Amino acid sequence: MHRMLLLTAALAAPLAAEAATFGPEPLIWSHRGSSYLARENTLPAFELSAQQGADGFELDLFLTADNQLAVFHDPDLNRLTNVEDAFPLSRARDTDGDSTPDTWFIADFTMDELRTLEIDNDSRPGRVALQADPRNPAPQPSAYRIPTYAEALDLAEALGQKVLTEVKLTDAGDAAERAAVQDLLIAEWQSRGYTDGSSPVVVQAFSDIFMSEIDAKLGGTNLHVPTVQLNFDAAAREVLATNDPSLYVPSQEALEQIIGERYGDLDGIAVILDVLLGTRGFSDLLNPLGLDFIAAADANGLDIYAWTFRIDDGVDDPAATADAYFDALETGDLSPYYEPYLELFARGLDGVITDNPDIARAARDAFLAPVPLPATVWLLGAGVLALSLRRRR
């Protein structure tokens with residue numbers, strides 16, 4: 001955690017011979033790649049996010065019918081691909097009970113079959129039109145395809161990027177499937193020699209059981225792969241959104257204890273952005289007591305990431321939002337989008353997961369910009385004066 005280092009650097013700045021900078025940098029993870037501009041979880045999206053200054057990309061994994069790891073977000077193929085045109089109804093399942101097949105699941109297809117599909121859609125309003133906008137700097141190949149995990153790692157290594165690997169399994173899932181995914185991941189990481197602090201991979205999942213199991217398995221290897229619990233409420237369910245206020249944790253100390261007891265063996269936690277930002281309306285429901293999750297993670301020696309930063313949440317007119325963003329790209333001034341990043345960087349957040357890595361990188365650069373020496377001397381003088389006045393009182 002870098003909160004104390006940031007404070008130390010700030011206090012030491014006036015004493016330095018030159019302008020000072022802050023300490024360790026919070027990581028910028030692109031969410032499914034640069035997914036505001038490119039089609040999510042594809043190699044072009046990952047490559048674009050690297051060009052935009054991300055430290056690494058987050059991706060999602062599912063197990064295929066032939067026991068391979070496919071990079072894809074949804075359990076079914078309907079929302080994001082042309083599966084309805086490419087495969088017959090006989091390959092689909094009936095999910096609504098009307099005896100008519102309607103949903104094609106990724107687990108029912110081999111990796112070779114999945115490669116034939118095009119990533120051609122997105123459920124967020126205006127996203128397809130945005131991706132086709134001539135001002136969009138994203139690569140626009142004739143078709144985006146579903147990559148394998150190995151292909152994503154190959155690209156990451158070539159680009160010098162980190163990979164935040166999210167496994168899409170739940171606690172209610174099949175134990176054999178969990179074990180198969182864990183074994184495939186560990187075999188892949190071992191084949192690449194991820195055995196020291198320079199390993200580019202971090203692993204996360206919503207499933208507490210999966211994370212506990214893979215953390216234990218990693219402990220029996222020489223691999224160096226940090227483990228992160230991904231959840232917005234399990235880290236402290238009593239604190240977050242419930243219908244029973246009596247379940248809320250009454251103190252910051254209790255939150256720290258819960259996080260330590262549940263996730264102290266891991267390396268980090270990732271929480272939904274709204275529980276951290278009191279300015280977001282949803283946060284009153286998710287974190288009604290306004291407790292400090294960053295401090296609670298810090299107290300337990302855990303890194304903490306926040307997801308998902310994006311600029312088009314809740315907007316009525318995605319086209320207008322895109323126009324403003326493209327205008328900002330042309331002027332080179334992305335500062336109107338900095339606020340949530342700067343607030344959480346200042347509070348010690350260790351990483352952001354964002355649809356807009358270019359904004360995150362610009363905000364981090366602004367946050368870490370050197371402070372001119374005269375300004376730091378003035379600030380130190382003001383602090384000394386304030387302390388003197390307080391002592392006089």
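**Aromatic cluster**

I started with the rings, and found that ring pairs link Tyr 36, Tyr 325, Phe 326 and Tyr 337 into a cluster. I kept in mind that I was working with a predicted model. Across the structure I got 10 aromatic pairs.

I then looked at Phe 46 and Phe 57. Their ring centres are 4.1 Å apart and their planes lie at 10 degrees, so I noted the pair as stacked. Phe 46 belongs to helix 2 (residues 43-51) and Phe 57 to strand 2 (residues 56-63), so this pair ties together parts that are 11 residues apart in sequence. I checked burial too: Phe 46 has 0% relative accessibility and counts as buried, and Phe 57 is buried with 0% as well.

Buried or exposed, I asked of Tyr 325? Tyr 325 is buried, because its relative accessibility is 0% and the cut-off for buried is under 20%. Phe 326 is buried as well, with a relative accessible area of 2%.

**Charges over rings**

The charged end of Arg 91 sits over the ring of Phe 109, at 4.4 Å from the ring centre. Arg 93 lies over the face of Phe 105, 4.3 Å from the centre of that ring.

**Salt bridges**

How many salt bridges does a search of the whole structure find? My search gave 26.

I picked out Arg 124 and Asp 122, whose closest N and O atoms are 3.7 Å apart in a salt bridge. Arg 124 counts as buried at 17% relative accessibility, and Asp 122 counts as buried at 7%.

My next stop was Arg 127 and Asp 312, where the side chains meet in a salt bridge with 2.4 Å from N to O. Arg 127 lies in helix 5, and Asp 312 in the loop between strand 8 (303-309) and helix 12 (318-331), so the pair ties together parts that are 185 residues apart in sequence. I found both Arg 127 and Asp 312 buried.

I also noted a salt bridge from Arg 192 to Glu 188, with the closest N and O atoms 2.6 Å apart. Then I traced a network in which salt bridges that share partners join a set of residues, including Arg 32, Glu 40, Asp 60, Asp 74 and Arg 79.

**Gln 131**

I came back to helix 5 (residues 127-131) to look at Gln 131, which has its place there. Gln 131 is buried, with a relative accessibility of 2%. What does Gln 131 touch, not counting residues up to four places away in sequence? I listed Ser 35, Leu 37, Ala 38, Arg 39, Asn 136 and Gln 140.

**Helix 6 against helix 7**

My last entry is on how two helices pack. Helix 6 (residues 149-159) and helix 7 (residues 175-191) meet at an angle of about 30 degrees, and their axes are 11 Å apart. I recorded the crossing of helix 6 past helix 7 as right-handed. From helix 6, Tyr 149, Ala 150 and Leu 153 meet Leu 185, Glu 188 and Trp 189 in helix 7. Glu 188 is the residue I had already noted in a salt bridge with Arg 192.

Key
Residues numbered from 1 in each chain as written. Predicted model: local features only at pLDDT ≥ 70, side-chain atom pairs only at ≥ 80, totals over all residues. Heavy atoms only, no water. Helix = DSSP H or I, 4+ residues; strand = E, 2+ residues; numbered from the N terminus. Buried < 20%, exposed > 50% of the residue type's maximum accessible area, 1.4 Å probe, protein only. Contact = heavy atoms within 4.5 Å. Salt bridge = Lys/Arg side-chain N within 4 Å of Asp/Glu carboxyl O. Phe/Tyr/Trp six-rings, centres within 6.5 Å; stacked < 30°, edge-to-face > 60°. Lys NZ or Arg CZ within 6 Å of the ring centre and 35° of its normal. Axes fitted to C-alpha atoms, helices over the stretch in contact; angles between N-to-C directions. Left-handed = near helix turned anticlockwise from the far one by under 90°.
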